[in-house]
Amino acid sequence: LSRNGRMDQALTYLVPPSGATVRQGSTVLSEPWSPFADHALTLIGLGRLGEAEELLAAAQEELTAHEGSQESAIVAASLGALRLEQGRVQTAFLQATSAAAVFLDLSLPVSARWCESLSAYALALAGVAPKATRALSALDALDLPTDRRYEGEVLQARAWACAAGGDMGTARKTLESAVVLGRE
């Protein structure tokens, strides 16, 4: 629902039912990290960045004993996405890069792909086109099929890397491709 722009409706499914509590890293939902990641990304999409930050800070606190876990990487990647929206590109890069490393250590390259695109996006927004291009090369080196769920973000990262390098024509065409994909 959130990927289709129906954010408010998505929240009705992501917020635990009244009276449910998060305890010892688990909730009423099936996976301990799911309310944090999906809920936070939906809040980010709605522009409710403060709420997303509070949610992810709580998740990070709950997962301190589980560094290097899939759950901690998901929260770190979500924090990377939040930091990008806040314009904190250096922190976004650090969060996304650390999450990508964990995902790769856990043999989860599809999840690492999203993180590599966040890293490239952050580097491009920071104006360091060569490093953004290297991050996109790392993404391409994963040699994965296109992931429709995050391909829009990958295209945005590619566009901003082109823009950071001064190639505005390619940047525009790439962003237009992202728009078409988003509508599909």
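Two residues are in contact here when heavy atoms of each lie within 4.5 Å. In this predicted model, that criterion places Thr-174 against Leu-155, Arg-158 and Ala-159, leaving aside its neighbours within four places in sequence. Thr-174 belongs to helix α9, residues 168-183. Its relative accessibility is 14%, and because buried means under 20%, Thr-174 counts as buried.

Arg-158 also takes part in the packing of α8 on α7. Two packed helices are described by the angle between their axes and the distance between the axes. For α7 and α8, the axes come within 8 Å and cross at roughly 150 degrees. Angles over 145 degrees count as roughly antiparallel, and the two helices are therefore roughly antiparallel to each other. Their crossing is left-handed. On the α7 side the contact is made by Ala-129, Ala-132, Leu-136, Leu-139 and Asp-140, and on the α8 side by Val-154, Ala-157, Arg-158, Ala-161 and Ala-164.

Not counting residues up to four places away in sequence, Val-75 touches Phe-36, Leu-56, Ala-59, Gln-60 and Leu-63.

Helix α6, residues 109-125, reaches 24 Å from its first C-alpha to its last, close to the 24 Å expected for its 17 residues. Of these residues, 13 are buried, so α6 is largely enclosed by the rest of the structure. After α6 comes Gly-127, whose phi is positive, near 85 degrees.

Conventions
Residues are numbered from 1 along each chain as its sequence is written. This is a predicted model: local features need pLDDT of at least 70, side-chain atom pairs count only at pLDDT 80 or more; totals for chains, interfaces and linings use all residues. Side-chain values use heavy atoms; hydrogens and water are left out. Helices (H or I, at least four residues) and strands (E, at least two) are DSSP runs, numbered from the N terminus. The expected span of a helix is 1.5 Å times one less than its number of residues. Buried means under 20% relative accessible area, exposed over 50%, partly exposed in between (1.4 Å probe, protein chains only). Axes are lines fitted to C-alpha atoms, for helices over the stretch in contact, and angles run from 0 to 180 degrees between N-to-C directions. Angles under 35 degrees count as roughly parallel, over 145 as roughly antiparallel, 65 to 115 as roughly perpendicular and the rest as oblique. A crossing is left-handed if the near helix is turned anticlockwise from the far one by less than a right angle, and right-handed if clockwise.
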